[in-house]
Amino acid sequence: MFDFYRAAACVPELRVGDVEFNKKQILDKLVEAASYDTGIIAFPELAVTGYTCQDLFFQKTLIEASNKAVAEIVSATENSSQVVILGAPVVINNRLYNGAFVIVNGTVIGITVKTMLPNYNEFYEKRWFTSAAELDTDYVYIPAIGDYSIPVGSSVVYDLGGVSLGIEICEDAWGSVTPGSWMALAGAEIIVNISASNEVIGKREYRRELVKHLSSANICDYIYVSAGCDESTQDVIFSGQSIIAEYGRILNENKEFIASDYILIADMDLGRIRADRMKNTTFGDARKIYRKTLKDTMFVSLSDIILPESDGEYVITRKHPFIPSSKTKRVKRCNEIFDMQVGGLVKRLKITNSKPVIGVSGGMDSTLALLVCAKALRKLGRPASDLIAITMPAFGTTDRTYNNSLELIKSLGTEPIVINIKDACLQHFKDIGHDPEEKNTTYENTQARERTQVLMDYANKVGGLVVGTGDLSELALGWCTYNGDQMAMYGVNGSIPKTLVRWMIDSVVENNIFPGSENVLKDILDTPISPELLPPDENGEISQKTEDSVGPYELHDFFLYYTLRFGFSPSKVYFLAKKALGGDYSEAEIKKWMNMFYKRFFQQQFKRSCMPDGVKVGTISLSPRGDFRMPSDAAADLWMKELETL
């Protein structure tokens, strides 16, 4: 239902050349892997015999024992829809090949043969094996295994009820152009590499980066399983490193440096792969450009075999998908985004020969935008006094936010401009016949629009450029006043989600970019999120808290990420939200705010259709000139109806 599929990378205990022992270990691992409800089970290269048999591969006794063991393993998979990828030698027309047997439901549905045979340094594979490039047949008959012909090739795509996978064998992944690349272009969504890679210092990290790269370049899930340390240690040692990656991210990896006798489990999310392949025109263009080469791909389709979906228990889902999980990565990411924001504004200020004009409220969004303006002027070698920072207190302004805005502006080396807009708003209420005691949308939005008018007109006065402060989350929800804070001459926060804004400011403090501003910045980070459009409470504290009205931003940012980044359905987003945030919110709360999210996301598109220019810094942008196109009168009925079924 949600495109989750569970994979197991199995590294059994092994004795080199002891096929009977190895068969028993493999069968035990099959049973254990099946207990995890896996759909794909992969074993290392030449797992049946051991990779390091050397000239024993020329012994008929070993090959016949291997065929017999494969046959017994095949029989053990009867009445199973799991896919088993098993490494074993295979003789075809009196030549020996390094093969990956693909087994489903008591049948070998195909054999992928190794193409790249390493014959350098400690490797001598060409002494024993023939490359798939020299195959002279598309089928092989192995009487010991079964009374049927088995498809065989170097580039085979196996389609199991709509899920497509391809197989590589070890060195195949090290080539300049890999067989997996052709298989991916031909439709394989999952690439499995069964390997026997010896360990040397630095190679583990190299393999990890290689697997991440291959999964990213081919927009696929990539299962890498390698021979364990039970292989011969005559002159090398094998580490048993296994990795399951998905489009550039590691889903799971064994932790032990030198390992054997274990199973690595991960849930793959093919929904991610399918969403990106559908959007990525470069991937589609590559298929067209190399279509002649793709004609050599063999397709094995079994529509009657349905690869079982998993329940998603092992799916990796973080609470805050926009925020890196470690502090080191988070600070690095925030620094890079800050530099991108600054770079965009520098270009805009240079081309317009203007001064940045910004409204400062004492909240996080305007704080981040103000810091960007200050750093941009530094880069341009212009004085801090060129920063026109205006604070505009009104009916909801508290002493805390007002004083913080003044202190922050001064700490950046410029003088704040204070323009109290209460009288202007009261005059406007009088002009339109609105009772100021009626604290409704008109009451609130009048203040937002008055502030924007002040900024625009002041910019005209000083030859300035109004810098917008609204963030991605507010744009998604339309939580901004049309022709008020929705409008600016340039927006620096437009593709930064609310959950990240806090950490952006934190990274500025962490890196001491603005010495002397740390204390006020820390207090701003502790201030509740609020537009401050309603009067303070009896204690002078903020009474209007945004998240009380619109919902928790960590939920909305979660919904936004999976809805926009991958196009997931409401039911899948709900499933993932429960998994990631269920410990913090009840199912009822998640449903409530999901309804709010989808409703507002559709209704408020008209505000995004005319948003100001701004730099895209992440994978999601809502700019109509960037990578988001949506009619402002689209109906939300389909999404809302699905929500009703949850």
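Predicted model: local features only at pLDDT ≥ 70, side-chain atom pairs only at ≥ 80, totals over all residues.
Reader: How many cavities of 30 Å³ or more does the structure hold?

Author: A cavity is a space where a 1.4 Å probe fits but cannot get out. By that reading, the structure holds three cavities of 30 Å³ or more.

Reader: Which residues are the closest to the centre of the largest cavity?

Author: Gly470, Leu475, Asp485, Gln486 and Pro612 are the closest to its centre, out of 17 residues that line the largest cavity. By class, that lining divides into six nonpolar, seven polar and four charged residues.

Reader: Which residues line the second largest cavity?

Author: The second largest cavity holds about 60 Å³ of space. Its lining draws on Val11, Pro12, Leu14, Pro44, Glu45, Ala47, Ala227, Gly228, Asp230 and Glu231. Six of these residues are nonpolar, one is polar and three are charged.

Reader: Now the sheet. In what order do the eight strands of the open sheet stand?

Author: Strands count as paired if at least two bridges are found between them. Here eight strands give the order β6-β7-β5-β4-β3-β2-β1-β14, in an open sheet with mixed pairing.

Reader: Why is one side of β6 and of β14 left without a neighbour in the sheet?

Author: β6 (139-141) and β14 (262-269) are the edge strands; each has a single partner strand, so one side of each has no neighbour in the sheet. Between neighbouring strands of this sheet the turn is 30° on average, direction ignored.

Reader: How many bridges join β5 to β7?

Author: Two bridges join them, and the strands, β5 at residues 107-113 and β7 at residues 149-153, run parallel.

Reader: Which strands does helix α2 lie across?

Author: An angle between axes is taken between N-to-C directions, from 0 to 180 degrees. Helix α2 (residues 60-76) lies across β3 (83-92), β4 (95-104) and β5, and runs at about 155° to β3.

Reader: Last, salt bridges. With which residue does Lys29 form a salt bridge?

Author: The criterion is a side-chain nitrogen of Lys or Arg within 4 Å of a carboxyl oxygen of Asp or Glu. The structure holds 36 salt bridges. Lys29 forms one with Glu32, where the closest N and O atoms are 3.9 Å apart.

Reader: Where do Lys29 and Glu32 lie?

Author: Both lie in helix α1 (residues 19-34). Lys29 and Glu32 are three residues apart, about one turn of the helix.

Conventions. Residues numbered from 1 in each chain as written. Heavy atoms only, no water. 1 Å grid on protein atoms, 1.4 Å probe; cavity = no way out; pocket = protein on both sides within 12 Å on 5 of 7 lines; lining within 4 Å. Points joined across faces, edges and corners; volume = space filled by probe spheres on them. Nonpolar A, V, L, I, M, F, W, Y, C, P; charged D, E, K, R; others polar. Helix = DSSP H or I, 4+ residues; strand = E, 2+ residues; numbered from the N terminus. Contact = heavy atoms within 4.5 Å.
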